[in-house]
Amino acid sequence: MSVSAPRRIRMVLKALSLILAVPGVLLYLASYFWGAWLLLCAIALYAADRFLAVGSAVFGSEARKLLSRAIVPVAGIGSALLIGAVIMAITGYNPISSYGALFYGGLVRNWHISVLNATPLIFTGLAIAFAFQGGFFNIGAEGQYYIGVIAATWMGLGSTLPGIIAIPAIFAVAAIAGAALNAIPIILKVKTGAHEVVTTMMFAYVVRTLSPMFIRAHGGDPALTSHPYTTDLISESVWLPMFKDFLPGANYRLHIGVLLAIGAAFLVRFILMKTDLGYKIRAVGHNPVAAMTQGISVARITAASLFISGSLAAIAGATQVLGLDHRMFQDLNAGYGWNGISIALLARNNPIGIIFTSLLWGVLDAGGQYMARTTQTPNAIIEIVKGIILFLMLAEVIYKRAGSVFGRWAGRFKTAARKGAGA
Amino acid sequence: MPKSDESPLVLETRGITKRFDHIIANNNISIKLRKGEIIAVLGENGAGKSTLMNILFGLYKPTSGSILIDGLPVSFDSPRDAIAKGLGMVHQHFMLVPTLTVTQNIVLGKEPVRLGHVLYKRARRSVVELSKRYGLTVNPDARLEDLSVGLQQRVEILKALYRNARVLILDEPTAVLTPGEVEELFAVLRNLAADGTSIIIITHKLEEVKALSDRVYILRRGELVGECRTASASAAELANFMVGRDVVLAVERPAPRPKPEPIFSLESLFVHSSRGLPALKGVDLAVGRGEILGIAGVEGNGQKELCEVIAGLITPDSGKILFKGEDVSRWSVRRRMDAGMGYVPQDRRVSGLVLPFSVEENLALGRSDRPPLSRHGFMKFAALRAQALQLMENYDIRTSGPEARVSTLSGGNQQKIILAREFSRNPDFLLISQPTRGLDVGAIEYVYRRILELKERGVAILLISMELEELFALADRIAVLHGGQVVFESPTATTNEAQIGEYMIRGRYERSIS
């Protein structure tokens, strides 16, 4: 039995929820941890709004559904950490102090590094997920990331335009470059059926090998610097704004790229779920034969999907240059493109989920470094934990099987108990 | 030569029934197999032959009924159990490893082993012995990928014999063989039977049944409709059994229009299959407004290519597809749809629906990019919902709601979604393939009624079906597709099922059948 509350109350709740959520997110990302309270209030208000909208019964079932969906990831991460602890104990490290350092470092002390780590991962994760929704495996996101870095550096070097014009232009050029890199794989796929896994990966190596030439041409001189060579710095006018510009307590390196990334996640979700293009991409992803039979051009959808995917990966690179590096390093050793695959898999290609899995990866990386510095527990253990998390997530089917067997047992037990009680 | 009824029973099924969610694949099937006997299980595609064999081989568990071996009831949890009881199966698609040798393939999984070491020489010796004993000559050291298909099949048979199979089940054994290889296979099988092995062959080819088997069981729509000694039945009788003589569903068919205005036609259409072989060899057909032209034929005689070429998924090698006077053979799928051509594909789960999508999303396929369903590239979900609710009402689609995933619906409701989508486009021409496959009688009746309604409205319909009853119930004219050609065409009123059946199976018609 539910009574629909007046519309006005719900609108106020919704507005308040949004008003609290935005600063909450901003503050929390900038290491003002009390922003979490604002976020919690926003979530409570949102829940209240849902409750008024759908009534208690539906609300209950929605909440249960949400919880049950969270069980597998949470249990997976928990078990992975547990296994990691066992490995530490066996190899002679103290799991408690190591994990203490990991979480203190990743979530509190160096939270800004976690956020910086997560930023490009969100973009590359989105790139992989977007292609995957259309049934394509853009495994060469690493190459598109590199081309984004090159494009952004090239545009940024000696730019004299004001940032408000130059930055969007740089992003646009990087996106086009990333898309263009996928043009040949797309043509090969559509015309000859060559698999994009192979072709995009080949291009990743091509671009990676080209990058030293670019660096040499734009300032990289091994004779002058002991550093692995880098290009000159890009003009300060095209640097992304920093959090500390409006929140003085924020770390000086923390740039607003993470906000762009979160925005991109919502945009990708919107494209996939609310536009005709997204609908067609999902249709082709699930059943290309049916889509073709209904007059959807699979070639065109393939192209659109891989172009957008390439753009997203390239924007990851551009964000990194404009926000953090302000130059291009040779041998970035970033692997953001490859890691994006794990991120997308872990989030099951859900754009919003990608924000969280990227942050998780960011925390594990930043916290792992802090742990290695302070407790001498090797960072490699964190790589192992990451691997186990991935494995457990992908082995989800095992839990489902175990769950249904357990459910049957429980059911039998219940009926037996009932019979016993009745007798 | 027929075995006497005194030979002991080796295998028997009693009242086997297998039910998948909404489909009864096997209904109360009882068969008997004696020692040294060759029986054939005859039936069209989808008649339930493969289901029955998979039950015998332990791949499926029957919903009810029992299997007896040597008179004792058995229960198979997996093929392993079936093999242990002396059953061997030769699948249509061989289960062999191309890079291993013949010997390795035969012993794989049951190798002679000492201290974890495979005794290859001993394995080779038993393979040589086995092939000598049954006259199945094959080089034991040849790599499998170097062998012809006929020899590969021989390896499959040896594999079963190596596992001491007393009952050999062969699924469509001649589908992949050349005529010469077929003769050799038959000789081998006769030898085996003379030696005491019992054999079941599954087939839809009448000639093979006549040539090889002692007895034949005929399946249709999951039911056993006949059993007889092969020697005592004529090919025509078997054909009638197989395709069904009596019209189950009597629908009132409106009289054909006297002279329908032709709207769709094919002119000497040549198409090759995806494997590069000629599939349609000069097909000419014409359908008029308000007319239903039925295409009869055993599956695999060009129906698939005919559908694809008309729908626009493949382009013909030569010939014309004329629709309203224009050659549409090079048009895109979309352009054909917009011009008024519709297509209800045979396999709704593969080419008709996007199974993980909801009902409303599936109903939007093919028109999602234009008003009212979307505007400037943005989907209008309210319009999607409204369209779904209306079509669900008009076409009696029963679901928990427009958001239900179509994968959870029954076959009948899935088919209604496709019909709703195609029919509501108001086409002038419709290609409908196998519209009732796997549906229950109620749903079949509904589909028939809808198709006849369209005909009344003046739509030209090309109906492809493997079910003769269906064609006789609906079509004004019937054409028979055999070997990629139209070998016969006649108004429904002036032909009969025996004649069509004969054309379907032999491609020709002779009054007296040997």
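In this predicted model, chain A is divided into domain 1 (7–68) and domain 2 (95–396). The C-alpha centres of domain 1 of chain A and domain 2 of chain A lie 29 Å apart.

**Contact between the domains**
- Domain 1 of chain A gives 4 residues to the contact, and domain 2 of chain A gives 10 residues.
- On the side of domain 1 of chain A that touches domain 2 of chain A, 3 residues are nonpolar and 1 is polar, with no charged residues.

**Helix 4 and helix 9 of chain A**
- The axes of helix 4 (residues 111–133) of chain A and helix 9 (residues 257–274) of chain A come within 8 Å and cross at roughly 15 degrees.
- Because angles under 35 degrees count as roughly parallel, helix 4 of chain A is roughly parallel to helix 9 of chain A.
- The crossing of helix 4 of chain A past helix 9 of chain A is left-handed.
- Helix 4 of chain A contributes residues including A:Val115, A:Ile122, A:Phe123 and A:Phe130 to this contact, while those from helix 9 of chain A include A:Val258, A:Ala261 and A:Leu272.
- The contact of helix 4 of chain A with helix 9 of chain A has 12 nonpolar and 3 polar residues, and no charged residues.

**Contact between chain A and chain B**
- The contact draws 15 residues from chain A and 23 residues from chain B.
- On the side of chain A that touches chain B, two or more residues each come from helix 10 (276–286) and helix 11 (288–293) of chain A, and the largest share, 6 residues, comes from helix 10 of chain A.
- That side of chain A has 6 nonpolar, 6 polar and 3 charged residues.

Notes:
Residues numbered from 1 in each chain as written. Chains lettered and ligands numbered in written order. Predicted model: local features only at pLDDT ≥ 70, side-chain atom pairs only at ≥ 80, totals over all residues. Contact = placed C-beta atoms within 7 Å. Helix = DSSP H or I, 4+ residues; strand = E, 2+ residues; numbered from the N terminus. Nonpolar A, V, L, I, M, F, W, Y, C, P; charged D, E, K, R; others polar. Domains from an automatic or database assignment. Axes fitted to C-alpha atoms, helices over the stretch in contact; angles between N-to-C directions. Parallel < 35°, antiparallel > 145°, perpendicular 65-115°, else oblique. Left-handed = near helix turned anticlockwise from the far one by under 90°.
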